[in-house]
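Please read the paragraphs below alongside the sequence and the coordinates. They go from the overall fold to particular residues and their surroundings.

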Amino acid sequence: MDHPAAEMTSPAAGTRWYRGLYAQVLVAIAAGIAIGLVWPEFGARLQPLGEGFVKLVKMIIAPVIFLTIVTGIGGLQHASQIGRVAGRAFGYFLAVSSLALVVGLIVANLVQPGAGMNIDPASLDAGAVKDFTAKAHEATIPGFLLAIIPTTALSALTDGSILQVLLVAILFGLALATSGPDAAPILAGAERLSRVVFRLVAILMRAAPLGAFGAMAFTVGKYGPQALLNLGQLVATFYLTSALFVVVVLGTIARLAGFSVFALIRYLKEELLLVLGTSSSEAALPALMQKLEQAGCAKPVVGMVIPTGYSFNLDGTNIYMTLAALFIAQATGVDLSLGDQIALLLVAMISSKGAAGVTGAGFITLAATLSITPAVPVAGMALILGVDRFMSECRALTNCIGNAVAAIVVAGWEQALDRSRLAAALAGAPPEPLEPLEPMPTGAPSPAE
């Protein structure tokens, strides 16, 4: 049986171009921008289209993650493998996401996009960012850790927390993996149910162009192009920095792992366009997990790396945090010493972990960081509030690409990557059917290596 992702993202040969999801989303984005520019009031009223589509996708995220992890871990030959995968994934997350923070800090010092603005912090409207700072104060580390534990096993699937779903799915998968023959019928049933859920994902993705159209019309209609003109240097600096991070840093990591980041971007073009249109990397999460599995990544690795990466491996958000913090300092005339910047970096390393991959999370995380480092006025966030919505697209895109690279790299480390399937997928070959319940290798080196 063909995998549903094939139907969703890879039109059959001979299908007209306008029937492909990629073309439809691209046209919808362009139409949304045009509506927002020509009829801004009407465009602003189209917000429910974008929000409705994102809610539809978020509705299915919990079942997708749960079933992917349960069927993947349930088929493991050794329960200890999940600890090794998690350890390697978190090691990668810490290294690469910390590097993203450093890149943002370096670029901000070199370009200095806020220099010369000479804004008095007392003249800023602190009330404009009051809601964000309030949410930031609530996001303590102990509170974050306790929030991972759901009230009940079933509530994890209904409360919308990715990490709660991840915890319950890992525990349930380990229970299946260690229950012997009694678990076989449950595992087979979960595999069949996952096929139905992925078919539902394919159905929901048909509404992606409509969601992208509404989201872009709202963004341009409400905020207008003048918001970009006022703080264009910051926006341009952030986009260029993120692009360089993807090309240089992620490109180097990908090359060392044996694949091209450009080929990966082409392979994920539908998902990335969806992220661009909705400003939410969560909108593409179910399809991203399917396509990475299709590209040869073992299901347990995809199930572990992608959901956790959405909270712990946010490269775009990290670049934004240090770049925006120094922009505010420069704009308000605050001279940060090297020690102040190092302290800011260390705080950002902690506060950036656990930010959800949804619209606005980067702004809340920035508020949390500035609240802990008093040298930079939190009220200065009002300066970038108008253009933050335009930068959220870039944050989400960078986060999505970074997590895709992470999944392939960790799968390679685990000897759980079918490189021939990966090469074929990145070369544009039609997707192959996936065998159900593929056991993940134990990690022993293959004879070829």
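What follows is an account of the model's confidence, its helices, its core and its ring pairs.

This is a predicted model, in which local features need a pLDDT of at least 70 and side-chain atom pairs count only at pLDDT 80 or more, while totals for chains, interfaces and linings use all residues. Residues are numbered from 1 along each chain as its sequence is written, and side-chain values use heavy atoms, with hydrogens and water left out.

The pLDDT, the predictor's confidence in each residue on a scale from 0 to 100, averages 77 over the protein, and 76% of the residues score at least 70. Confidence is highest in helix α13 (residues 261-267), with a mean of 94, and lowest in helix α1 (residues 4-9), with a mean of 43. The pLDDT is below 50 over residues 1-14, a stretch that has 33 contacts in the model beyond near neighbours in sequence. Residues 436-449 also stay under 50, and the model gives them 32 contacts beyond four places in sequence. Where pLDDT is low, the predicted coordinates should not be read in detail.

The protein has 21 helices and 0 strands; both are DSSP runs numbered from the N terminus, helices being H or I with at least four residues and strands E with at least two. Of its 449 residues, 55% are buried, where buried means under 20% relative accessible area, exposed means over 50%, and partly exposed lies in between (1.4 Å probe, protein chains only). A contact means heavy atoms within 4.5 Å. Among contacts with a separation of 6 or more, 85% join residues 24 or more positions apart.

Which helix is largely enclosed by the rest of the structure? In helix α14 (residues 269-278), 8 of the 10 residues are buried, so this helix is largely enclosed. Its buried residues are Glu270, Glu271, Leu272, Leu273, Leu274, Val275, Gly277 and Thr278. Serine 279 follows α14 and has a positive phi, near 60°.

The largest nonpolar core has 124 residues, and the members that touch the most others are Tyr92, Leu250, Phe259, Leu264, Ile306, Ile384 and Val405. Such a core is a set of buried Ala, Val, Leu, Ile, Met, Phe, Trp, Tyr and Cys residues joined through side-chain atoms within 4.5 Å. Not counting residues up to four places away in sequence, phenylalanine 259 touches Ala254, Leu264, Val405, Ile408, Leu422 and Leu426.

Leucine 426 lies in helix α21 (residues 419-426) and is buried, with a relative accessible area of 12%. Apart from neighbours within four places in sequence, leucine 426 contacts Phe259, Ser260, Ala263, Leu264, Arg266 and Tyr267. Leucine 426 and leucine 264 are 162 residues apart along the chain, yet their C-alpha atoms are separated by 6.0 Å.

Alanine 100, in helix α5 (residues 81-111), is buried at 0% relative accessibility. From alanine 100 to serine 242 the C-alpha distance is 8.9 Å, across 142 residues of sequence.

A search of the whole structure finds 6 aromatic pairs. Rings of Phe, Tyr and Trp (its six-membered ring) pair if their centres lie within 6.5 Å; planes under 30 degrees apart count as stacked, over 60 as edge-to-face and the rest as tilted. The rings of phenylalanine 66 and phenylalanine 172 have centres 5.9 Å apart and planes at 35°, so this pair is tilted. Because phenylalanine 66 lies in helix α4 (residues 47-74) and phenylalanine 172 in helix α8 (residues 162-177), the pair ties together parts that are 106 residues apart in sequence. Phenylalanine 66 is buried at 17% relative accessibility, whereas phenylalanine 172 is partly exposed at 38%.

The rings of phenylalanine 238 and tyrosine 239 have centres 6.3 Å apart and planes at 85°, so this pair is edge-to-face. Phenylalanine 238 is buried at 0% relative accessibility, and tyrosine 239 is partly exposed at 34%. Ring pairs also link Phe90, Tyr92, Phe93 and Trp413 into a cluster.
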